[in-house]
Amino acid sequence: MKLRGDSMSISEAADAVEDISVDWRGRPCKPTKHGGMKAAVFVLGLQGFEMMAIAAVGNNLITYVLNEMHFPLSKSANIVTNFIGTVFLLSLFGGFLSDSYLGSFWTMLIFGFVELSGFILLSVQAHLPQLRPPSCKVMSSEYCQEAKGYKALIFFAAIYLVALGSGCLKPNIISHGADQFRKEDTKQSKKLSTYFNCAYFAFCMGELIALTVLVWVQTHSGMDVGFGVSAAAMTLGLISLVFGTSLYRNKPPRGSIFTPIAQVFVAAFTKRKQICPSNTEMLHGNQNNVPNHLFVTMSPNVTTLLHTEKFRFLDKACIKTEDGTERTESPWRLCTVSQVEQVKIIISVVPIFACTIIFNTILAQLQTFSVQQGSTMNARITESFKIPPASLQAIPYIMLIFLVPLYETVFVPTARKVTGRDSGISPLQRVGTGLFIATFSMVSAAVIERKRRNSALHSNEALSIFWIAPQFLIFGLSEMFTAVGLIEFFYKQSLEGMQSFLTAMTYCSYSFGFYLSSLLVSLVNKVTSTSSRGGWLSDNDLNKDRLDRFYWLLAALSLVNFFNYLFWSNWYCYNPTLSPTNTNSPPEDGKDLENSSNFKYPSRHIEGSHNIIIT
């Protein structure tokens, strides 16, 4: 038997699949001592407590900004969405620092304390009256002085310290926890999908406690006490992280992750006039001809990738210059196929990433305008107890703490029998399901807002606050599919040394969604305003605004976005190295191939790739 082209030696392949992990002292990890769920549980502790802290601030921040800082309603909504957007945008910075220089553990520890300092500063400002504008009734005709000068400076410094810390933490919590499972170990690899569901369960528990207990504390004991409790929760999260130090498997940083990417673009541009060879085995560093048996133990995050046909213009970076000399070309002029394929993966996931932005724009409404909806409704349950409007966001998480375990214990095993996948359905299928469901959240919101407004204007009656519960419930269900599916998709498509950065793209989607929300609010106000009156969302009084029309607009955008996603998810093709075919069934051309343990069917062609050819 002979393989066409230069084959990879067994020792080289073994080096490619070696799982490089060290303990906290820099020594090689022991499979029996380090990693696994016993280590990941400490990371899940940080996930739960950090989410509890940030959610208590973020979900009720609009109340503090409006009532204590005295910013107008539309400006307050934009401050909150910009803050949350910045949290998620900074996740890219956290992912870059972790993969390139610090490693996940040290990035989490350093920026955990940065976030803690922001909570403490917020608590101090909320406690001291001299650091806030004079008190007044915002919704009355009384003039309210807006926060300016050093008071505004302290406020923005505090929330953006929180944003910096939380943003750098988020992708590393997910990737560091997932790194505890050795992907070459079949048993631990199967637990990876379970870990993502557990991480989402910890997220839901943190959100639920924040939106019930902590928001109640903020409402009845003051925002200063509420922010102080957030600081205490963050402290507990850092303690949980430190307690697991001796058990963690740590991936060492590998230097700048952007340099190899930049080299591909520079080399491809430099050789843009070259013609790609019809025989791709002539490309520099092509490893399409690895013996089949080596793929049995190959990690999903190998550094050697097989060549694919998409974005062929980038393949020019792999063309050797034939000038009759044996000189070595600069890495800025000649790259390997694996290097180019890594860039192709990043480009390929961008449309998937973009399709989740509208989804997160809907989430932004539930944390801003929907909270204000609740403040105009009858929140009284008994004579002495009222539901804080921000606590409405707890409704989906009450449902999810029951649904997530059911999904893992009932749905996944059932779907696994049908599909043969360890995770039941593929990450892309999971994301699509959530995007479709999210549309109905805005439909429900629009219908109920119209009913609430008509009741207030024509009958002078306040609807029960529970009327807006369906929009939260529907979105919570959609988030269980989309959020977890997207994180799992990005992590499984990432290579060694890029797990945190690609996972951060998930959170970057949240960022763009919240920024888009701010842009839409401003744009809608501008387009719908007339000489006689302002736009749909220009008044501080929701009874004068037309929030229902804005919700209908978002429902339409969400539906269009879902069909856009169907196109791009069908177009997406996994690199066969990251997507070995399933042992239970043959591969499907161009479909999801990521959840299997062996690379069988070596002679079958995978659409968009050159597979191993035996002659």
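**Terms and values in the predicted model**

Modeller: I begin with helix 11, in which Ile357, Ile358, Phe359, Asn360, Thr361, Ile362, Leu363, Ala364, Gln365 and Leu366 are buried. This is a predicted model, in which local features need pLDDT of at least 70 and side-chain atom pairs count only at pLDDT 80 or more, while totals for chains, interfaces and linings use all residues. Residues are numbered from 1 along each chain as its sequence is written, and side-chain values use heavy atoms, with hydrogens and water left out.

Biologist: What makes helix 11 largely enclosed by the rest of the structure?

Modeller: Buried means under 20% relative accessible area, exposed means over 50%, and partly exposed lies in between (1.4 Å probe, protein chains only). Ten of the ten residues of helix 11 (residues 357–366) are buried, so the helix is largely enclosed by the rest of the structure. Across the protein, 58% of the 615 residues count as buried.

Biologist: Why is Arg27 called partly exposed?

Modeller: The relative accessible area of Arg27 is 41%, so this residue is partly exposed. Arg27 lies in the loop between helix 1 (10–17) and helix 2 (37–58). Leaving aside neighbours within four places in sequence, Arg27 is in contact (heavy atoms within 4.5 Å) with Ser21 and Val22.

Biologist: How many helices and strands are there in the protein?

Modeller: The protein has 17 helices and zero strands. Both terms refer to DSSP runs numbered from the N terminus: helices are H or I with at least four residues, and strands are E with at least two.

Biologist: Why are helix 10 and helix 17 called roughly antiparallel?

Modeller: Helix 10 (residues 337–354) and helix 17 (residues 547–571) pack at an angle of about 160 degrees, with their axes 9 Å apart. Axes are lines fitted to C-alpha atoms, for helices over the stretch in contact, and angles run from 0 to 180 degrees between N-to-C directions. Angles under 35 degrees count as roughly parallel, over 145 as roughly antiparallel, 65 to 115 as roughly perpendicular and the rest as oblique. Helix 10 and helix 17 are therefore roughly antiparallel to each other. The contact involves Ser348, Pro351, Ile352 and Ala354 of helix 10, with Asn561, Tyr565, Trp568, Ser569 and Trp571 of helix 17.

Biologist: How do you know that helix 10 is roughly antiparallel to helix 15?

Modeller: The axes of helix 10 and helix 15 (residues 469–492) come within 12 Å and cross at roughly 175 degrees. That makes helix 10 roughly antiparallel to helix 15. Here Val349, Ile352 and Phe353 in helix 10 meet Leu486, Phe489 and Phe490 in helix 15.

Biologist: What makes the span of helix 14 close to the expected one?

Modeller: The expected span of a helix is 1.5 Å times one less than its number of residues. Helix 14 (residues 427–459) has 33 residues and reaches 48 Å from its first C-alpha to its last, close to the 48 Å expected. Asn460, which follows helix 14, has a positive phi near 55 degrees.

Biologist: Which value of phi does Phe311 have?

Modeller: Most residues other than glycine have a negative phi. Phe311, a residue other than glycine, has a positive phi near 50 degrees. Phe311 lies in the loop between helix 9 (258–270) and helix 10. With a relative accessible area of 22%, Phe311 is partly exposed.
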